[in-house]
Structures are given as C-alpha cells and as structure tokens.
Amino acid sequence: MAESLQARLKGQLAALSYIVVMIVLGIPLWWKTTEVYRAVLPYDAIDALSDIRTVTQNVNILLVTPDANSDHVRGPELQKLLVNSRVFELSLSVRSPRDEETRQIESSKSLEELDAKLGSDLSSSLEGWIVLLETPTKLLEPYSPITLGNHRVIYYSSVAKSEDIAAEIMDSVLGEFSMIDMWESSSKPYVRSRNSDKMRQKTTGEIDLQLSLLVPEPEYVLASWEIKEAVQQYIQPFIQQFPLKVHINSQILYLTELYIPGSKEGQGPLEVNSKDLGTALNKMESLLSSQSSTNPALNLMVYIPPIHRTPLTIQGSNTNSFLLPRWGGVHIYNYITPNNTNFKFPAKIDLDMERISGIWLGQLRSLLGVKTVNVRNALQLPAVGVRSWEIDY
C-alpha cells in the first residue's frame with residue numbers, strides 16, 4: 001500500500017515538474033521563436049515625402065568668353081535664364097580664355113580640331129562641369145551658331161542669343177523636360193507607354209550581348225564575318241563608356257530562316273514591315289537565347305535572306321534594320337543590290353563589318369537610352385559612338 005502511494009506521488013510530481021518546465025521555459029521559448037517581427041516605421045518621414053515636389057541636382061557651368069573682364073553682358077543674361085530650372089541648381093562661373101586656350105582657338109582650322117584638343121582638355125580638368133566657350137564664327141559656319149561638342153563643351157558665336165544657349169543646356173545636354181516627365185509619371189498610376197524611353201535596357205549592372213548571324217541557305221550563300229575584330233574595334237570601345245559589365249557572345253546559325261508572313265508565296269524582292277519581323281523573331285527566341293544566364297540580354301542579329309527573296313527590305317528603314325524594345329535589333333544584309341545583280345551561286349561573301357558595326361552602335365544607343373541630338377546642332381559622333389555628356393545626363 002505504501003509502495004503504490006509512493007509510486008502515485010512520483011507520477012504526480014513528474015507531471016507537475018513537466019507542467020512547470022512547460023510554463024517557465026516552453027511557453028516563453030515558443031512565444032519568442034514564433035513572434036512576428038514588426039519594424040518601427042518612420043511615419044513622420046513618410047508623410048513628409050508627399051510634400052516633395054521635385055529633387056534638384058547641382059550642376060556647375062563655366063562660361064569662357066573674351067568679354068569677361070570688359071563689357072560683360074552674357075554672364076548676367078544666362079544667370080537670369082538658368083535660375084528658372086525646376087530640376088537643377090545651376091552655378092555659373094565666368095572667366096576669360098587663358099593664353100594657351102586663345103592660341104588653340106586661333107590655330108584650329110575646324111571645330112572638330114578645336115574640340116579634340118581644347119574641348120578634351122577642358123572636360124578632363126573640369127570633371128562634371130559644362131563649359132560654354134565663345135568661338136570664332138568661321139569655325140561654326142558648317143554648323144549652327146550654337147554647337148554641342150563631343151565632350152562637355154558647348155561652342156557658341158558672339159551673335160548667338162542667350163535664350164538659345166540656355167535652351168541647349170537645359171533641353172539637349174541636361175534633358176530637363178525628360179526628367180520632369182519622369183518625375184511626374186512616377187507619381188501617377190502605371191500606364192503602359194509607347195514612348196521610345198521604354199525601349200531602353202538598364203545601363204548599370206550586368207547584361208549579356210548576343211551577336212548572331214543567320215544563314216538560312218549555306219549551300220547557296222556561305223557568309224563569313226570578322227566578328228572578333230569588329231567587337232574589339234567598334235563594340236568594346238562603345239560599351240566601355242558605360243558603368244556596365246557586358247558579356248559578349250557570338251554565334252552563326254546555319255539552316256535557320258525567319259518565317260516571315262508571305263515570304264513563302266512567290267519569288268523576287270519582298271518588302272516587309274517590322275510587325276511581321278517581330279512575329280518571325282518570336283519563333284527564333286529559343287535558338288537565339290542559347291546561353292544560360294540570369295542576366296538581362298540584348299540581341300543584335302544579322303540575317304542573310306534566302307535567294308528566292310533577295311533583296312529583302314524593311315518598310316520605312318534607310319538602314320534595312322529595326323528595333324524591338326528591350327530585346328535588341330535586326331539588320332537584313334542584302335548581298336544582291338541594284339548595282340550587283342549578276343550574282344552566281346554558290347557564293348561566298350564577306351560581310352562588311354564596318355557598316356554592320358555602325359548599325360549596331362546606332363541600335364545600342366537606342367537600346368541603352370542614349371538620346372538623339374539634331375546632327376546640325378552637334379559635332380559628328382566620335383569613334384566610340386557616344387558623347388561624354390550623353391552618358392552624364
């Protein structure tokens with residue numbers, strides 16, 4: 001009897017100790033490990049964001065003019081015009097040309113020569129600054145009284161209006177209207193836009209660039225391209241101007257044809273529109289995206305049309321090429337032209353990589369969001385395919 005009572009007491013004590021352990025240790029431990037983390041939000045700071053109408057960016061401008069130390073009119077006029085900016089805090093400094101700068105201006109035979117020497121020196125010594133340089137009218141005659149250089153220098157003549165100079169700074173170089181539109185659109189509900197800005201791919205981080213040559217009938221036309229030399233000479237110098245790591249791959253796809261609507265019906269020259277080519281490229285996606293990568297990709301493709309549909313032209317295109325937003329570009333390479341109709345098959349052709357690379361650079365400019373400037377108001381593009389201020393802003 002005593003033994004059974006003792007055993008019952010031990011069982012009760014064991015159960016009681018288990019309950020105590022669960023209450024003292026188990027429940028607090030369970031509560032701590034299953035609680036939901038709730039961050040303290042700065043509600044006051046969030047409310048203050050609604051009061052922000054725009055964000056300003058500081059921009060330094062240097063005006064180099066001979067009248068800086070005499071009857072100085074240009075500086076005050078520009079200062080009054082530039083203070084009206086909604087996006088930028090513009091700081092204007094004025095000085096006269098130094099002796100060496102004056103010698104370079106007087107010795108230059110063309111504006112391109114002046115930009116290559118003095119424009120490059122001014123931009124490198126004043127990193128991030130915009131320089132306004134008064135230039136003799138004779139150097140500006142092939143262009144306009146206000147001409148954008150390939151660096152961060154704007155050349156203007158003494159007869160140019162200050163209003164026009166300020167407009168070039170704000171509209172072309174800084175792109176104030178584009179930034180205002182971007183700011184205002186960010187506060188509105190999302191609407192799918194057809195704007196060309198939606199075409200651009202990101203310009204930071206990493207992307208894959210796939211260069212493809214499609215040869216549908218290698219038994220008749222065997223095309224070859226010096227892609228390695230073209231990448232080193234044209235593509236790499238352009239890409240290196242961006243804070244972007246680009247992995248470049250190339251490939252040749254034989255017996256691969258674009259199934260363009262209507263191309264199988266009949267023979268002879270054919271003109272297609274970009275919509276039909278976009279439909280044809282959808283079926284090629286699996287072949288073009290042969291590289292396994294998690295990075296966003298751009299495709300640049302050269303297509304050799306089949307002999308029964310040569311020449312193959314794109315409606316409304318001077319370069320016989322077109323773009324697909326955020327995907328890439330296509331160029332149709334016609335080896336038979338109106339000046340070369342006596343073509344014998346089978347044939348081997350060497351692609352003109354200088355011409356193709358020029359088209360690729362133009363397509364990359366659009367895909368990476370480099371804005372287009374009126375060629376009359378700017379110097380011819382440098383060999384790298386992009387101007388310094390086009391990347392800055």
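1. In helix α4, which spans residues 99-107, the residues Glu101, Gln104 and Ile105 are buried, where buried means under 20% relative accessible area, exposed means over 50%, and partly exposed lies in between (1.4 Å probe, protein chains only). Because these residues cover an arc of only 100° around the axis, they sit on the same side of α4; the arc is that of the directions from the helix axis to the C-beta atoms. Helices (H or I, at least four residues) and strands (E, at least two) are DSSP runs, numbered from the N terminus.

2. This is a predicted model, in which local features need pLDDT of at least 70 and side-chain atom pairs count only at pLDDT 80 or more, while totals for chains, interfaces and linings use all residues. Residues are numbered from 1 along each chain as its sequence is written, and side-chain values use heavy atoms, with hydrogens and water left out.

3. The buried residues of α4 pack against β1 (57-64), β2 (88-95), α5 (111-125), β3 (130-134) and α6 (137-140), whereas the face of α4 turned away from its buried side carries the exposed residues Asp99 and Glu106.

4. The largest nonpolar core has 36 residues, and those with the most contacts inside it are Ile304, Leu351 and Trp360; such a core is a set of buried Ala, Val, Leu, Ile, Met, Phe, Trp, Tyr and Cys residues joined through side-chain atoms within 4.5 Å. At least two residues of this core come from each of β6 (205-215), β7, α9, β8 (244-254), β10 (297-303) and α12, with α9 giving the most, 7 residues. Apart from this core lies another, of 24 residues, among them Leu78, Ile130, Leu132 and Tyr156.

5. The structure holds 3 aromatic pairs, and the rings of Trp225 and Trp360 have their centres 6.1 Å apart and their planes at 75°, so this pair is edge-to-face. Rings of Phe, Tyr and Trp (its six-membered ring) pair if their centres lie within 6.5 Å, and planes under 30 degrees apart count as stacked, over 60 as edge-to-face and the rest as tilted. The pair links distant parts of the chain, with Trp225 in the loop between β7 (221-224) and α9 (227-239) and Trp360 in helix α12 (residues 353-367), 135 residues apart. Both Trp225 and Trp360 are buried.

6. Arg365 is also found in helix α12, and it counts as buried at 10% relative accessibility. Leaving aside neighbours within four places in sequence, Arg365 is in contact (heavy atoms within 4.5 Å) with residues including Phe238, Leu381 and Glu390.
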